[in-house]
Amino acid sequence: MLVSPYNDEYFMRQAFMEAQKAYELGEIPVGAVVVVNQQVIARAHNLTERLHDVTAHAEMQAITAAAEFLGGKYLRNCTLYVTLEPCVMCAGALYWSQLEKIVFASRDEKRGAGRFGTDLYHPKTVVTNGPMAEECSELLKAFFEAKR
């Protein structure tokens, strides 16, 4: 039996590469990818500094790119991989996009939507804490230590 290399860790690595791009740009290093049928259809990272836009989080950028790719606002058969637990703002947008699944790496104890319960996500969306939590957390720590 052939095992597919396309699993949660593979796609989280893709999101991590986006987080590294954000880091290099001086943005908070959060990256995201949207996947449908084992294919990445959107890649994004934080752009809040570059765009002077507090809403330009990786998740928001990924939702917009995926909706454009699909030609519709709903992402029902899609999975979002993101390196940091979504904030409340992003959770609200993710609710309306109706993703099938959200996989995040690092928990955000201060601003993560999980602090407020699971009612922020669409009831049909599966939300899981996925692979690479340590690597994603270390990248965030390195970013903030360099800023201090």
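His122 is located in the loop that joins strand S4 (101–106) to strand S5 (126–129); helices (H or I, at least four residues) and strands (E, at least two) are DSSP runs, numbered from the N terminus. With a relative accessible area of 15%, His122 is buried; buried means under 20% relative accessible area, exposed over 50%, and partly exposed in between (1.4 Å probe, protein chains only). Residues up to four places away in sequence aside, His122 touches Tyr95 and Gln98, where contact means heavy atoms within 4.5 Å.

The model is predicted: local features need pLDDT of at least 70, side-chain atom pairs count only at pLDDT 80 or more, and totals for chains, interfaces and linings use all residues. Residues are numbered from 1 along each chain as its sequence is written, and side-chain values use heavy atoms, with hydrogens and water left out.

## The nonpolar cores

In soluble globular proteins, nonpolar side chains tend to be buried together. A nonpolar core is here a set of buried Ala, Val, Leu, Ile, Met, Phe, Trp, Tyr and Cys residues joined through side-chain atoms within 4.5 Å. The largest such core has 24 residues, and those with the most contacts inside it are Val34, Cys78, Leu80, Leu94 and Leu99. Two or more residues come from each of strand S1 (31–36), strand S2 (39–45), helix H3 (58–70), strand S3 (79–84), helix H4 (88–97) and S4. H3 gives the most to this core, with four residues.

Beyond its neighbours within four places in sequence, Leu80 has a list of contacts including Val34, Ala62, Leu94, Leu99 and Ile102. A second, separate core of 13 residues includes Ala15, Phe16, Val103 and Leu139.

## Helix H1

Helix H1 covers residues 8–24. The expected span of a helix is 1.5 Å times one less than its number of residues; for the 17 residues of H1 this gives 24 Å, and the end C-alpha atoms are 24 Å apart, which agrees. At the N-terminal end, Asn7 caps H1 through a side-chain oxygen that lies 3.1 Å from the backbone nitrogen of Glu9. A polar contact of this kind is a pair of N or O atoms within 3.5 Å; within protein, one must be able to donate a hydrogen and the other to accept it, and residues adjacent in sequence count only if both atoms are side-chain atoms. After H1 comes Gly26, whose phi is positive, near 80 degrees.

The buried residues of H1 are Phe11, Met12, Gln14, Ala15, Phe16, Glu18, Ala19 and Ala22. They pack against S1, S2, S3, S4 and helix H5 (133–147).

## Aromatic pairs

The whole structure contains seven aromatic pairs. Rings of Phe, Tyr and Trp (its six-membered ring) pair if their centres lie within 6.5 Å; planes under 30 degrees apart count as stacked, over 60 as edge-to-face and the rest as tilted. Tyr10 and Phe11 form an edge-to-face pair, 5.0 Å centre to centre with 85 degrees between the planes. Tyr10 is partly exposed at 31% relative accessibility, whereas Phe11 is buried at 3%. The rings of Tyr23 and Phe143 are also edge-to-face, because their centres are 6.1 Å apart and their planes are at 65 degrees. This pair links distant parts of the chain, with Tyr23 in helix H1 and Phe143 in helix H5, 120 residues apart.

Ring pairs also join Tyr6, Tyr10, Phe11 and Tyr81 into a cluster.

Val82 lies in strand S3 and is buried, with a relative accessible area of 0%. Leaving out residues up to four places away in sequence, Val82 touches residues including Met12, Ala32, Glu59, Val103 and Phe104.

Val40 is found in strand S2 and is partly exposed, with a relative accessible area of 22%. Apart from its neighbours within four places in sequence, Val40 is in contact with Phe11, Val33, Val34 and Val35. Val82 and Val40 are 42 residues apart in sequence and 13 Å apart in space, C-alpha to C-alpha.

## The loop between S1 and S2

Most residues other than glycine have a negative phi. Asn37, in the loop between S1 and S2, has a positive phi near 50 degrees. Gln38 lies in the loop between S1 and S2 and has a positive phi of about 65 degrees although it is not a glycine. Asn37 is exposed, with a relative accessible area of 73%, while Gln38 is partly exposed at 45%.
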